[in-house]
Amino acid sequence: MPAVLERAAPRNERMAGDKIECNACPVLCQISRGKSGACDRYANDGGHLVRVDPVLLLRRGQGEPQTLPFETDDGIPSSDVFVTGIGASTTYPDYKPAPFIVSSQADGVDLVTVVTEGIFSYCSLKLKIDTDRWLGPEQANVRCRGEVVGHVTTAEYGSQMLSIGGVHHLTGGSKKEGRTTCETMELLGNQQAVELSIDGGASLVVQAGRAPIVGGVEEQRMRVGCGSATIGIFARQFHGVADEVVVVDDHITGVLTEHQAGRCLSMRPAGLRVRGRRSTPGRYFQVANPGTGWGGTDIADPLTILEPADANTAWPGLRLLMVSTTGEHAGWYVLDEQLQPQPAPMPQAVAEIVARIGENCEPALTTVLFIGGAGGSLRAGVSDNPVLLTRAIKQSLVKVTCGGAPAYVWPGGGITVMVDVSQMPARSFGSVPTPAIVAPIEFTMRLDDYRMLGGHMDHVRTLPQMLAAGSWHTDGAPSQRRWVAPAASNPWPLD
Ligand code: SF4
């Protein structure tokens, strides 16, 4: 390939003599000697363009992350080293080969991994927040420092989903909105804490792998199930120690003796009526407004969801448990002569079941998934005929990873990848001021398949060559590198 295609952008003749131009993104910073560009990721080191951060290499079989001196690079089997896109640099415009195209051998098979730091304008984060508490109405704006950076999407089973980022917030609004969105995404992707507020809803602090903090209160438990499920799970244990159990839930409140579970146990109907819309026997929707009280409702006193008891069915002395889906709230009542529930000390046997509801809850966490569209131009860094890469991925001939973490590739057109950021190494994400997110992406395949799909074969380097020469994009200076152990839960990318 002619050198003119490979080096930094053609020199701008009006540029001062001590400057170099970075061409890793469309901003094309002109960087003075000793300075770095607008994203702080590239610098002018004595007239050479260098990537400021070291390229991150995963080494199989290592314990805790550690930095090793350069000399120890020799002699490591190539099958035990995986070059990630983190710190690898980016080639722009896209017809240039990716910064690293590294050969290796695993189990006697020649492999190649195409490595780059992708620049993603089309990308978002999906947050799964384990909580029963009301975060805000579906479709409501999610803000960070007052700027709209996303929206509330669906509630899932025990979790509320948020969408953060996306091209419309990055590029479709004001400059400030785009910049704030990009910063929010970068922080969350890098497993940092971010404070968000939801229009008409809650303020919260979220961080990948940590409990969400809703309205200043750290969430502890993810509910065992909806109210109906809780009835179903514990019905047999309730039988004999309570005459009626109401599991208060913003979604489906369960009433034991009316529920199929109570009927199967031949429990005597208790004649207690619950407010809300009856869906099916013993299952009620909308018993209260959503909130941060019992079971994700706005109630502090559970008796407010009860209608007067049916005098023909209920009886004085009836023992009633009211409990939330996490067991965090529970009350024990006995009906008096007027069939009014009166608080009473909870029997030990009932308290043990309430404790078991809590025991069956998992710790509440925030999960952050990155979704990025790699179906666009960065494919040209892999192949002269990019659609062949897309097809090869769909045929499972190519493994896609992000920082060595397994990426799910969505069905359908393009290469839309999704990855759990907590499976990626720390500080995997960066940004450029266009604004866009920078994220590592690696494509691993058999060398023969790479040749077949029109790969840049003249840029394939062995690991020692790559370590010695560095990325051709950054003036060929040897790459600084950092070794880390792969996340224990991840499959080895070259297997
Ligand atoms: S913003 Fe960063 S990547 Fe883009 S041209 Fe400037 S230094 Fe290079």
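**Helix H4 and its labels**

In this predicted model, the buried residues of H4 are Gly 227, Ser 228, Thr 230, Ile 231, Phe 234, Ala 235 and Phe 238.

Q: What do the buried residues of H4 pack against?
A: Strands and helices. The strands are E18 (244-248), E19 (253-255), E22 (283-285) and E24 (319-324). The helices are H5 (260-264) and H6 (348-359).

Q: How many aromatic pairs does the structure hold?
A: There are 4 aromatic pairs.

Q: Why is the pair of Phe 234 and Phe 238 called tilted?
A: Their centres are 6.4 Å apart, and the pairing limit is 6.5 Å. Stacked needs under 30 degrees and edge-to-face over 60, so the rest count as tilted.

Q: What separates Phe 234 and Phe 238 along helix H4?
A: About one helical turn, because they are 4 residues apart in H4. Both Phe 234 and Phe 238 are buried.

Q: Why is the pair of Tyr 408 and Trp 410 called edge-to-face?
A: The angle between their planes is 70°, and edge-to-face means over 60. Their centres are 6.3 Å apart, within the 6.5 Å limit.

Q: What makes Tyr 408 and Trp 410 partly exposed?
A: Buried means under 20% and exposed over 50%. Tyr 408 has 44% relative accessibility, so Tyr 408 counts as partly exposed. Trp 410 has 38%, so Trp 410 counts as partly exposed.

Q: Which residues do ring pairs link into a cluster?
A: Phe 120, Phe 370 and Phe 429.

**A loop residue and the ligand shell**

Q: Why does Asp 298 count as partly exposed?
A: Its relative accessibility is 42%, between the 20% and 50% cut-offs. Asp 298 lies in the loop between E22 and strand E23 (306-307). Its contacts include Ala 288, Asn 289 and Pro 290.

Q: How do the residues of the shell around the ligand divide?
A: Into 10 nonpolar, 1 polar and 1 charged. Among the surrounding residues are Cys 22, Gly 37, Arg 41 and Pro 433. Gly counts as polar and Arg as charged.

Note on methods: Residues are numbered from 1 along each chain as its sequence is written. This is a predicted model: local features need pLDDT of at least 70, side-chain atom pairs count only at pLDDT 80 or more; totals for chains, interfaces and linings use all residues. Side-chain values use heavy atoms; hydrogens and water are left out. A residue is near a molecule or strand if one of its heavy atoms lies within 4 Å of it. Buried means under 20% relative accessible area, exposed over 50%, partly exposed in between (1.4 Å probe, protein chains only). Helices (H or I, at least four residues) and strands (E, at least two) are DSSP runs, numbered from the N terminus. Contact means heavy atoms within 4.5 Å. Rings of Phe, Tyr and Trp (its six-membered ring) pair if their centres lie within 6.5 Å; planes under 30 degrees apart count as stacked, over 60 as edge-to-face and the rest as tilted. Lists of a residue's contacts leave out its neighbours within four places in sequence.
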